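Here are some notes to read alongside the model. Take the points in order and keep the structure open as you go.

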Amino acid sequence: MNLYNVVSKAYDLLEIIFFSEKGKNPVNVILEMVPDRKIRVLDMCCGTLSNTITIAKEKPAVKVMGLDLSEQMLRVAKRKVNRQGMKNVYLKCADAAKTGLPDKSFDYIIIGLVLHESCPEFIKGIMAESKRLLKDEGNIVILEWERQKKFCKFIKFAPLYLLESLHCRTFKKFYLADKKMYFENYGFDVTREEHCNYTIVLKLKKRKGRIDNGNETSSGV
Ligand SMILES: C[S@@+](CC[C@H](N)C(=O)[O-])C[C@H]1O[C@@H](n2cnc3c(N)ncnc32)[C@H](O)[C@@H]1O
């Protein structure tokens with residue numbers, strides 16, 4: 001059974017618990033990173049659309065596509081879209097590694113809280129698919145959990161850390177990895193890095209003029 005079909009109704013609590021305390025809310029950082037003009041944004045593994053619903057609302061020229069494999073998560077997303085009467089959001093139920101969408105069709109691709117819980121094969125697939133779907137001058141925005149150095153934050157994050165470690169055997173390795181190096185190994189340059197509440201937001205660009213095989217290297221990840 002798909003875990004997200006079960007937790008879909010409670011999923012947005014995560015945002016309330018971890019993002020909205022005093023400090024930088026990663027959702028606001030992502031909102032600010034995406035320009036307010038006629039562009040196409042793909043929210044890969046969008047879940048309940050928590051990272052892009054505000055973009056669609058506050059930047060109506062932006063066309064947002066939310067893609068996810070879980071029908072239940074998409075149902076929650078659809079309810080939010082309908083409630084706000086948005087006309088610039090499209091939802092698609094598909095595998096993020098094989099979307100069937102045309103090459104170079106997006107200006108921004110958001111990948112939020114997905115990679116830490118994915119197996120290396122799927123990460124390779126989603127990164128390759130994102131590279132294919134991204135326009136040459138486009139950007140990928142990654143949202144991921146960040147290592148907690150402050151004791152009180154470490155304690156608050158501990159239950160989730162434990163759950164994630166139990167849910168995915170590669171979680172710890174990804175969580176501790178040097179993210180800049182990690183994405184460089186997939187042929188992307190990190191052009192911006194923002195440390196937010198419990199998370200890091202990275203802006204990536206396709207590296208030009210380098211042949212890369214999309215493989216993880218032995219350097220750590
Ligand atoms: C932790 S949630 C993240 C949701 C959202 N991006 C966020 O930042 O809150 C992970 C999402 O990835 C989706 N997912 C997992 N494997 C997938 C796949 N192969 N293709 C598309 N979506 C997938 C799950 O259904 C779930 O909604």
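**Notes on the fold**

1. The protein chain has nine helices and seven strands; both are DSSP runs numbered from the N terminus, helices being H or I with at least four residues and strands being E with at least two. Please remember that this is a predicted model, where local features need pLDDT of at least 70 and side-chain atom pairs count only at pLDDT 80 or more, while totals for chains, interfaces and linings use all residues. Residues are numbered from 1 along each chain as its sequence is written, and side-chain values use heavy atoms, with hydrogens and water left out.

2. Let's begin with overall size. The C-alpha trace of the protein chain spans about 45 × 40 × 35 Å along its principal axes. For 221 residues, a compact globule would have a radius of gyration near 17 Å, and the 17 Å of the protein chain agrees with that. (This radius is taken over C-alpha atoms, and the globule rule is 2.2 Å times the number of residues to the power 0.38.) Of the 221 residues, 51% are buried, where buried means under 20% relative accessible area, exposed means over 50%, and partly exposed lies in between, with a 1.4 Å probe and protein chains only.

3. In general, strands of a sheet pair through backbone hydrogen bonds, either parallel or antiparallel.

4. For a parallel example, look at strand 1 (residues 40–44) and strand 2 (residues 63–68), which are joined by five bridges. Here Arg40 stands opposite Lys63 in strand 2.

5. Strand 7 (residues 199–206) shows the antiparallel case. With strand 5 (residues 134–145) it pairs in the antiparallel sense over six bridges, and Leu143 stands opposite Val201 in strand 7. With strand 6 (residues 188–196), strand 7 pairs in the antiparallel sense over eight bridges. Cys196 has Thr199 of strand 7 as its bridge partner.

6. What lies between strand 6 and strand 7 in their hairpin? There are two residues between them, and Tyr198 in the turn has a positive phi of about 60°.

Conventions:
Two strands pair if DSSP finds at least two bridges between them.
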